[in-house]
Structures are given as C-alpha cells and as structure tokens.
Amino acid sequence: MTNDDLILQTITPVTHDLGGFKVHRTLPSRPRTMVGPFIFFDQMGPAVLSVGEGIDVRPHPHINLATVTYLFAGAIDHRDSIGSLATIEPGAVNLMTAGHGIVHSERSPSAERAHGPELSGIQTWIALPEKDEEMDPAFEHVARDRLPTVETPGAQARVVMGSLWGVTAPTTTYASTIYADILLEPGGSVPIDAAADERALYVAMGEASLDGMRLEPMMLYVLRPGIAATLRSADGGRVTLCGGEAFTTPRHVWWNFVSSRRDRIDEAKRAWTAGEFARVPGDEKEWIPIPAVPKTVSYP
C-alpha cells in the first residue's frame, strides 16, 4: 500500500506566537475546513511559563459550535456566561456547547501560576448539526477516570468522544464523532479502523508511522475513507485521532463564530459589538473586542 493509498490530504499548521507559548492550527484551512464535525484544531504548547505568569484568555463569544478542551499537561480554569466554573486537568475533557450564544474565559489557576504553569494540549471546535445550532448553551466536564481507555501491546488509547475499539465515552456528541488520545511506547502499536466517514491523525509529540509511512509531527493527516491501518511508534509518541460523520452542508467560520448561515455570523458580530451577549460571572471586567481582521478568517 502506497502513501497515496493511505492519505487523502495533509494539512500544514499555521503557528501563532501568543507570548510565552505557541499555538499550531491545522483547521480550518484553505485546503480543508472540516474533518467530520471537527472544524477547528489547535495544539497549545507544549510550554512552561515563568513563575507568576499564566494564560489569560479574556471573555469572548461563540455561536453554533461546541468547544472541546483536552490537556496533556497543566490546568485551566473555565468560566462561562451560564455560570459554569470548572478546572480542567490532564486526561479530562471540557465540552462547552455554544448553541445560540455563550461567552467564556480560560485562565491559569492561581496555584499553577505560583510555580510556573505548564501548558500542553489540544483544543478543537465541533460544528453543530443545523437542527442543534440554536440550542440552549450547555457545559459539561468529564473527569479523566470516566473516559474509557483501551490497551494494546505498548499502547494506551483514551477515548474522549464517541465509540472506538469497543468502548464508548460518556461525553455528549451531536453528530457521529470519534476522538482519542493515543500514547505509544517504543515499539507500541494500535489499529486504526475504517468505521468513520472522515478521520485524521495528528502527532502531537514524539514519533509515529502508519503502515510504515512516517507521520510528521504537528501535521494533520486526513485518511482515505475505508482504509484500515496500523499506527506504530519506534521511539514513542502521542497521537490524536479525530473525525466522524461527513457534513453535507458547509460551515462558515469567522473569528470565534461558526454557522451554516453567513448572516447568522453577521448578527453575532453586531451583537458582540453592541454588548448584547451575557457576561461571565466572576470575570465581568475584561473582554476581547471584535477584531478588524481575525486570525481565523471566513471559510469557505
């Protein structure tokens, strides 16, 4: 089997230096907007910030999507406009469903700042099916010990969303979704089956190959539909698997807004500028103003 038989598309990240840490973004991109319901894919770090410093993502809005935050190292305090307050730590997942509109902030806990916080993980956005786009906003935190893990020789895979390898995560899904964090020891391997419509692999750390094809770190590899293969590592690595059902209608992305309707994004821009979104309890004094030219521009 050749590389072209395995890989449909390879997406190179755009890297943003946010001061103290970098974010590597592979979705959305000009070559491809979505893989299954995943419309945004960021790797944060890895980084160790200076003592007393931390991440401070001020309150900002979202519509018609769900954010999925999964950490490899560090901790983040999440607050949102429906009153949620949760600290996410490695191996757990925060799922925030924006629906018709939500505002949230993400900041390093004070205990983390005291010794120089680590930051390493993946943040993704999931587009909502059209019937769910304007649902009421919601938030759930699923602890590490509630997410099922599957072990194969030299590998451990934590299922974050959906059903994989015979187990199912309790995390809410709106469309058929798969999402897993795969840890490979030297010589370890795990099968990648062909069940989902669309799938992608991303080497976050270390080294991995798919049926003998080397996967470069921080590149998103979109797999060909129907192809089953084996993920291996000679030296050890950490790989994210994501995907799910293919959406039949396109999504538009502008800044922090996602929608099947461009006019809905225009309305959200107007409402945020006018101060019509709800505030975040306990974090009302700051907010991110709407940008003239966002780093995430409009697709398609």
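Reader: How many cavities of 30 Å³ or more does a search of the whole structure find?

Author: The search finds 3. The model is a predicted one, and the values here are computed from it.

Reader: What makes the largest cavity a cavity and not a pocket, and which residues line the largest cavity?

Author: The term cavity applies because a 1.4 Å probe fits at its points but cannot get out, whereas a pocket is an open set. The space inside the largest cavity is about 60 Å³. Its lining consists of Thr-67, Thr-69, Ile-76, His-78, Ile-88, Asn-94, Met-96, His-104 and Glu-106. Strands E6 (65-74), E7 (76-80), E9 (93-97) and E10 each give two or more residues to that lining.

Reader: Which classes do the residues lining the largest cavity fall into?

Author: There are 5 polar, 3 nonpolar and 1 charged.

Reader: What is the volume of the largest pocket, and which residues are closest to its centre?

Author: The largest pocket holds about 850 Å³ of space. It has 34 lining residues, and Leu-18, Arg-25, Val-57, Asn-256 and Ile-288 are the closest to the centre. Strand E5 (56-62) is among the elements that give two or more residues to the lining, and E5 supplies the largest share, 5 residues. By class the lining has 16 nonpolar, 11 polar and 7 charged residues.

Reader: What is known of the second largest pocket?

Author: Its space comes to about 180 Å³. Of its 16 lining residues, Trp-272, Gly-275, Phe-277, Arg-279 and Trp-287 lie nearest the centre. The lining divides into 10 nonpolar, 2 polar and 4 charged residues.

Reader: Why is the pair Asp-42 and Arg-25 called a salt bridge?

Author: The cut-off is 4 Å between a side-chain nitrogen of Lys or Arg and a carboxyl oxygen of Asp or Glu. The closest N and O atoms of Asp-42 and Arg-25 are 2.7 Å apart, so the pair qualifies. Asp-42 sits in strand E4 and Arg-25 in strand E3, so the bridge ties together parts 17 residues apart in sequence.

Reader: Are Asp-42 and Arg-25 buried or exposed?

Author: Buried means under 20% relative accessible area. Asp-42 has 5% and therefore counts as buried. Arg-25, at 15%, is also buried.

Reader: What makes Glu-133 and Arg-251 a salt bridge?

Author: Their closest N and O atoms are 3.5 Å apart, which is within 4 Å, so the pair counts. Glu-133 lies in the loop between E11 and strand E12 (138-142), and Arg-251 in the loop between strand E24 (237-244) and strand E25 (252-254), so parts 118 residues apart in sequence are tied together. Both Glu-133 and Arg-251 are buried.

Reader: How many salt bridges are counted, and which residues are linked in a network?

Author: The count is 15 salt bridges. The network links Asp-56, Arg-107, Arg-113, Asp-283 and Glu-286.

Definitions and conventions:
Residues numbered from 1 in each chain as written. Predicted model: local features only at pLDDT ≥ 70, side-chain atom pairs only at ≥ 80, totals over all residues. Heavy atoms only, no water. 1 Å grid on protein atoms, 1.4 Å probe; cavity = no way out; pocket = protein on both sides within 12 Å on 5 of 7 lines; lining within 4 Å. Points joined across faces, edges and corners; volume = space filled by probe spheres on them. Helix = DSSP H or I, 4+ residues; strand = E, 2+ residues; numbered from the N terminus. Nonpolar A, V, L, I, M, F, W, Y, C, P; charged D, E, K, R; others polar. Buried < 20%, exposed > 50% of the residue type's maximum accessible area, 1.4 Å probe, protein only.
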